[in-house]
Amino acid sequence: MSKIRIDELLQQCTVKLSVPATGQVGTGFFIAPGYILTCEHVVRGAAAATVGYKDNEDYAMATVEQIFWDQDIAVLQFEPPEDLPCVLLSTDGPEVGDQISTFGYPYRFDDDGWYALARNSRVTDNGGHNGG
């Protein structure tokens, strides 16, 4: 069995979301077969989003299934055309000094996505994280 690096796995679990109704673009993650987790503000005011995956900008269409307004989280549902890797969700947060990998599709960057590696310098009292 071949091994995969964690940053490669992260990219395989990440999608680009485009919201036709608002023009918004953002990032989502496969969390279970047929489900994507994203921020609520990415899909705000819309019922659906186009899922871009790897080199396919029109990989699937996802509908907004559930919104958690107070946490800026949205769950989208779609029909996956194949088995897909999923991220592992955990309540454990990073500790000071932990290495953190990120990958996403922020609005101002190109269509290939943006990867960053950082070291966590501080964890705030309210549970938010401040990378440094």
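Me: What pLDDT does the protein chain average, and what share of the residues score at least 70?
Reply: This is a predicted model, and pLDDT is the predictor's confidence in each residue. Here the protein chain averages 80, and 73% of the residues score at least 70.

Me: Where does pLDDT stay under 50?
Reply: That happens over residues 127-132. The model has 16 contacts beyond four places in sequence for this stretch.

Me: How should I read the strands, and in what order does the closed barrel run?
Reply: Strands of a sheet pair through backbone hydrogen bonds, either parallel or antiparallel. In this model six strands make a closed barrel in the order β1-β2-β3-β6-β5-β4, and the pairing is antiparallel. From one strand to the next, the twist averages 45°.

Me: How many bridges join β1 to β2, and which residue stands opposite Lys16?
Reply: β1 and β2 run antiparallel and are joined by five bridges. Opposite Lys16 you will find Thr27 in β2. The hairpin of these two strands has six residues between them, and Gly23 there takes a positive phi near 80°.

Me: How many residues lie between the strands in the hairpin of β2 and β3?
Reply: That hairpin has two residues between its strands, and Gly34 takes a positive phi near 85°. The pairing of β2 with β3 (residues 35-38) is antiparallel, over four bridges.

Me: Which residue in β6 is the bridge partner of Thr63?
Reply: Gln77 is the partner of Thr63. β5 and β6 pair over five bridges, again in the antiparallel sense.

Me: Which residues is Leu76 in contact with, leaving aside its neighbours within four places in sequence?
Reply: Among them are Leu17, Ile36, Val43, Ala49, Ala62 and Val64. The list also includes Gly34, Tyr35 and Thr38.

Me: How many aromatic pairs does a search of the whole structure find?
Reply: The search finds three. One of them joins Phe30 and Tyr53, with 5.1 Å centre to centre and 70° between the planes, an edge-to-face arrangement. This pair links distant parts of the chain: Phe30 is in strand β2 (residues 25-32) and Tyr53 is in strand β4, 23 residues apart.

Me: Why does Phe30 count as buried?
Reply: Buried means under 20% relative accessible area. Phe30 has 1% relative accessibility, so Phe30 counts as buried. Tyr53, with a relative accessible area of 4%, is buried as well.

Me: Why is the pair of Phe30 and Phe78 stacked?
Reply: Planes under 30 degrees apart count as stacked. The planes of Phe30 and Phe78 are at 25° and the ring centres are 5.8 Å apart, so the pair is stacked. Phe30 sits in β2 and Phe78 in the loop between β6 and β7 (99-104), 48 residues apart. Both residues are buried.

Me: Which residues form one aromatic cluster?
Reply: The cluster is formed by Phe30, Tyr53, Tyr59 and Phe78.

Methods
Residues numbered from 1 in each chain as written. Predicted model: local features only at pLDDT ≥ 70, side-chain atom pairs only at ≥ 80, totals over all residues. Heavy atoms only, no water. Contact = heavy atoms within 4.5 Å. Phe/Tyr/Trp six-rings, centres within 6.5 Å; stacked < 30°, edge-to-face > 60°. Buried < 20%, exposed > 50% of the residue type's maximum accessible area, 1.4 Å probe, protein only. pLDDT = per-residue confidence, 0-100. Pairing = 2+ DSSP bridges. Axes fitted to C-alpha atoms, helices over the stretch in contact; angles between N-to-C directions.
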